[in-house]
Amino acid sequence: MEGSLGIIGAGSMAEALLKGMLSCQLFSPGNIFVINRKNDERLIFFKENYGVNTTRDYRELVNRCAIIIIAVKPSDMGELLTRIQEHVTRNHIIISVAAGIHTSFIEKRLKKKVQVVRAMPNTSCQVKESATAISRGRFAGDEAVKVAQEIFSSVGKVVIVEEHALDAVTALSGSGPAYVYLMLEAMTEAGIKVGLMREVSQQLAIQTVFGAAKMAMESGEAPVHLRKKVTSPGGTTMAGISTLQQMGFTASIMEAIRCAAERSRQMMIENSR
Ligand SMILES: NC(=O)c1ccc[n+]([C@@H]2O[C@H](COP(=O)([O-])OP(=O)(O)OC[C@H]3O[C@@H](n4cnc5c(N)ncnc54)[C@H](OP(=O)(O)O)[C@@H]3O)[C@@H](O)[C@H]2O)c1
């Protein structure tokens, strides 16, 4: 990609994105500038491990970089935007990963018609398998969306949605890895109860979820068809599936995602104050 990239925040999300972008050679390390607030060791780590430039000067970073990723905690966004406001121009592309911070909040704090794209990745971006949704702010053009799409494609799959859908995204794919970890915990414990060693049970559970996800991804078949294909009447899978259904498996997941979306909506209101 042409030009320089600024990354504000040097936490785990920033590092995952940096790794992904460098491995896809989206930017060369010399064209990347990273800033954080006070953790010197972290900046040294970024410089030594990834060969990127580091700075503590917001003006330098904003002036040098046409594209800026903001990866600070939602609670730090207000203060950060105030700090960079005077240096940001309408030509910048600002990409925010801060959960629950609306593009209009960023536009308002930057006090200009700046191009803002919001992204909701998930923790699996650390293994380049994120499910990321992006949405554009009022002033963001197609080029800004394309840039964000390319950046997040370096750490997984990307979908484009309207901003109002991001609460649903947060509830489904943002929080989703934790639901799957819970299922892995349950499958592992259940395997132990029916006679397996912990290590064997955990390994089988993880590989089973991974394999099923890969099958759903690569076969292109809807999960409902895949499930029906492997569930013969009167068989073992049928016994397991019937029990899951009787005990409210589907209803639990529906309710979990509804509650998480509601919480995301509430947090958005709290963060916009
Ligand atoms: N982790 C995930 O999987 C994930 C998933 C989806 C979305 N997100 C979003 O990604 C964002 C970052 O999350 P994270 O887990 O990477 O957080 P993190 O590890 O706590 O990192 C936050 C970084 O922001 C820096 N920072 C805070 N205020 C700053 C300021 N005024 N100027 C410059 N840097 C500043 C901190 O610097 P110091 O250490 O020097 O204070 C730190 O490097 C959050 O908004 C979160 O909602 C994360």
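In helix α4 (77-84), E79 and T82 are exposed on one side, while M77, L80, L81 and I84 are the buried residues. An α-helix has 3.6 residues a turn, so residues three or four places apart point the same way. Here a residue is buried if 20 or more other C-beta atoms lie within 10 Å of its own, exposed if 12 or fewer, and partly exposed in between, with C-beta atoms placed from the backbone. Helices (H or I, at least four residues) and strands (E, at least two) are DSSP runs, numbered from the N terminus.

The model is predicted: local features need pLDDT of at least 70, side-chain atom pairs count only at pLDDT 80 or more, and totals for chains, interfaces and linings use all residues. Residues are numbered from 1 along each chain as its sequence is written.

The cover over the buried residues of α4 includes β1 (5-8), α3 (58-64), β4 (67-70) and α5. Contact in this account requires the C-beta atoms of two residues, placed from the backbone, to lie within 7 Å. Helix α5 (residues 103-110) has its own buried residues, T103, F105, I106, E107 and L110. These pack against α4, β5 (93-96) and β6 (115-120). After α5 comes K111, which has a positive phi, near 60°.

The largest contribution is that of α1, with three residues. In total, 27 residues surround the ligand, and the closest are G9, G11, M13, N36 and A99. A residue is near a molecule or strand if its C-beta atom, placed from the backbone, lies within 6 Å of it. By class, the shell holds 13 nonpolar, eight polar and six charged residues. In this classification Ala, Val, Leu, Ile, Met, Phe, Trp, Tyr, Cys and Pro count as nonpolar, Asp, Glu, Lys and Arg as charged, and the others, Gly among them, as polar.

Next come the strands. Why is strand β7 (residues 130-136) described as largely enclosed by the rest of the structure? Seven of its seven residues are buried. From β7, S130, T132, I134 and R136 point one way and A131, A133 and S135 the other way, and all are buried. In a regular strand the side chains alternate between the two faces of the sheet. Strand β7 pairs with β6 in the antiparallel sense over four bridges, and M120 stands opposite A133 in β7. Strand β8 (residues 156-160) runs parallel to β7, and five bridges join the two; G156 in β8 is the bridge partner of S130. Two strands are said to pair if DSSP finds at least two bridges between them.

Strand β3 (residues 53-55) contains N53. This residue counts as buried because it has 20 C-beta neighbours inside 10 Å. Leaving aside residues up to four places away in sequence, N53 touches I32 and F33. N53 and G6 are 47 residues apart in sequence, yet their C-alpha atoms are 9.4 Å apart in space.

The domain assignment, which is automatic or from a database, gives domain 1 (5-166) and domain 2 (174-267). Their centres, taken over C-alpha atoms, are separated by 33 Å. Six residues of domain 1 are in contact with five residues of domain 2. On the domain 1 side of this contact, two residues are nonpolar, four are polar and none is charged.

Helix α12 (residues 249-271) is the place of A256. With 17 other C-beta atoms within 10 Å, A256 is partly exposed. A256 and V169 are 87 residues apart in sequence and 13 Å apart in space, C-alpha to C-alpha.

As for the whole protein, there are twelve helices and eight strands. The C-alpha trace spans about 70 × 40 × 30 Å along its principal axes. Of the 273 residues, 34% count as buried. Among contacts between residues at least 6 apart in sequence, 66% join residues at least 24 apart.
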